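Here is a short briefing for a reader new to this structure. Look through the sequence and the model first, then take the points below topic by topic.

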Amino acid sequence: MNSNRTRVAKGGVLVLGGGFAGSCVARELGRTGATIVNPTNFMLYTPLLPEAGAGSVEPRHVAVPLRTVAPDADLVLGSAVGLDPTHRVVEVESDAGRFELAYADLVVALGTVTPNPLLRELNLPLDGHGRVRVDETLRVVGAPSIWALGDCAAVPNEARPGETDPATCQHALRQARALARNLRGTPRPYRSRTRGEMATLGRRDVAELSLPGARTDQGAESGRRPDVEPDTRRQAHDMDSYEAVLFDLDGVLTSTAALHARCWKEVFDDVLVEAGRRAGAVQEPFDVERDYLAHVDGKTREDGVRDFLRARGIDVPEGHPDSAPDEWSVHGIGNRKQALVERALASEPIEAFAGAVRLVRALREAGVRTAVVSSSANCDDVLRAAGIADLFELTVDGNDVTRLGLRGKPAPDGFLEGARRLAANPERTVVVEDALAGVAAGRAGGFGLVVGVARNGTREELLSAGADLVVADLGELLR
Ligand SMILES: Cc1cc2nc3c(=O)[nH]c(=O)nc-3n(C[C@H](O)[C@H](O)[C@H](O)COP(=O)(O)OP(=O)(O)OC[C@H]3O[C@@H](n4cnc5c(N)ncnc54)[C@H](O)[C@@H]3O)c2cc1C
């Protein structure tokens, strides 16, 4: 090479190309570091097809400063023009002239639908379409310290046997997250199982998750959910690309939500009769669907009592945590319900949903960390009774909420505590919930993906509460 100056890539990782794939790898590496080589300081979105078709492309959709996308990365404004894999240096041409950049790992993310002609000059192994051949960890075939992804790479796709990932931004981003993980630790196979649909710029799974400067659809900016129907099949497979998944318990993992609803009804119906007697006005009985979902589901016992009775205009004193179950107080009523639950748990079989169990097993096999975050004080007992306690690294339950002074759902405290204990970044963590309050908690905590489980047909409400996608059974996510 002709260069007379050599610089070393930050953290040893040199990324060629600052498009969807390259900028996302650098962003995911965070402070570990990376240097991006790109001709401009902008990540350019080619106007994405659905938006272009809808005539909704705006300049801010099309260019995002790379320094916003990957704030911790070093940026070199220039073009890669040569590669010496033996000495691990890339030659770069910039306004300031030519120089060499040394790397420990090189990430080739040079994009373009028609393969970048530079790939041939870099002497990388190419397939029949001129894309770089990679193995299942995204490592370039025959080149131990070089990786490739995005449009310029031929990445095997399991859902299309014998074929490669389609050239879409969603695949580029998904590969980028997997590659960043491989660069940080022992490389794991990248399982690409989606057939590949074009994703619009505003979709959470593309722009919002990975590129904060690109929160550009109207829905996201106004706080309204995008009007796009979440595509369960496509997003489901994303779950194994997250660091951790936090599951609610009742109604998500085990069939105990109905048991809780039944116990609440027994307790509240008595309370409503008593309140009606005191006020001289008859109260409607507790509705196990409407009242349970709106006021009680997912909340701590005490919050459930407070919120439901407030909704009926009934005032009760707080009482104390050890109030007797027959006391006319928030804690007394809560303790009455707890006694009923304990009796039911002791006498009824507790079953885990088969689909949920299969999903948790698959996630663990993929190296994703799993925990349970529940408002229930009986969480550990229920997990044991259902025979699934060993599927989770830890639990954050109703007792923790009280002991640590955490706010109950819809506040995100319990989920954030779960992520903290797993040392997982909330943005890289999934929350799975069936309760509206729980979904709202996942959204409030800034979690990367919130999955709603609609066993009782509450799909629209779960979406309105902030779920990114809704399934009737978690087994659907394995398809
Ligand atoms: C018209 C059009 C519409 C599309 N619509 C959609 C859509 O709706 N949904 C969807 O999912 N996908 C869409 N795509 C595909 C999507 O844009 C790509 O899949 C995605 O950009 C691939 O990301 P990448 O990082 O691999 O490549 P790119 O995003 O193209 O990034 C490659 C980067 O490499 C840089 N580069 C090139 N040469 C050099 C060099 N020598 N040195 C340094 N840097 C260099 C470039 O400047 C660029 O920044 C569309 C593509 C086109 C062309």
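Two residues are in contact if their C-beta atoms, placed from the backbone, lie within 7 Å. This is a predicted model.

- Seven of the nine residues of H18 are buried, so the helix is largely enclosed by the rest of the structure.
- Those buried residues are Leu436, Ala437, Gly438, Val439, Ala440, Ala441 and Gly442.
- Just after H18, Gly446 has a positive phi of about 70°.
- Is Phe447 buried or exposed? Phe447 counts as buried because it has 28 C-beta neighbours inside 10 Å; the cut-off for buried is 20 or more.
- Neighbours within four places in sequence aside, Phe447 is in contact with Phe415, Pro426, Thr429, Val430, Val431 and Gly442.
- Phe447 and Leu246 are 201 residues apart in sequence, yet their C-alpha atoms are 10.0 Å apart in space.

- Five of the five residues of strand E15 (residues 369-373) are buried, so E15 is largely enclosed by the rest of the structure.
- Both faces of E15 are covered. Arg369, Ala371 and Val373 are buried on one side, and Thr370 and Val372 are buried on the other.
- Which strand pairs with E15 over four bridges? Strand E14 (residues 244-247) does, in the parallel sense.
- In that pairing, Phe247 has Val372 of E15 as its bridge partner.
- Strand E16 (residues 394-396) runs parallel to E15 and is joined to E15 by three bridges.
- Val373 has Val396 of E16 as its bridge partner.

**The five-stranded sheet**

- Strands of a sheet pair through backbone hydrogen bonds, either parallel or antiparallel.
- What is the order of the strands in the open sheet of five? The order is E6-E3-E2-E10-E12, and the pairing is parallel.
- Strand E6 (74-77) and strand E12 (146-148) form the edges, each pairing on one side only.
- On average, neighbouring strands of this sheet are turned by 20° against each other, direction ignored.
- Four bridges link E6 to strand E3 (residues 35-38), in the parallel sense.
- Val37 has Val76 of E6 as its bridge partner.

**Helix H1, between sheet and helix**

- Helix H1 (residues 20-29) lies across strand E2 (13-16), E3 and strand E10 (105-108). H1 runs at about 155° to E2.
- Two packed helices are described by the angle between their axes and the distance between the axes.
- For H1 and helix H6 (residues 169-184), the axes come within 8 Å and cross at roughly 35°.
- The crossing of H1 past H6 is right-handed.
- On the H1 side, the contact is made by Phe20, Ala21, Cys24, Val25, Glu28 and Leu29.
- On the H6 side, the contributors include Cys169, Ala172, Leu173, Ala176 and Leu183.
- By class, the contact of H1 with H6 has twelve nonpolar, one polar and two charged residues.

Technical notes
Residues numbered from 1 in each chain as written. Predicted model: local features only at pLDDT ≥ 70, side-chain atom pairs only at ≥ 80, totals over all residues. Buried ≥ 20, exposed ≤ 12 C-beta atoms within 10 Å, placed from the backbone. Helix = DSSP H or I, 4+ residues; strand = E, 2+ residues; numbered from the N terminus. Pairing = 2+ DSSP bridges. Axes fitted to C-alpha atoms, helices over the stretch in contact; angles between N-to-C directions. Left-handed = near helix turned anticlockwise from the far one by under 90°. Nonpolar A, V, L, I, M, F, W, Y, C, P; charged D, E, K, R; others polar.
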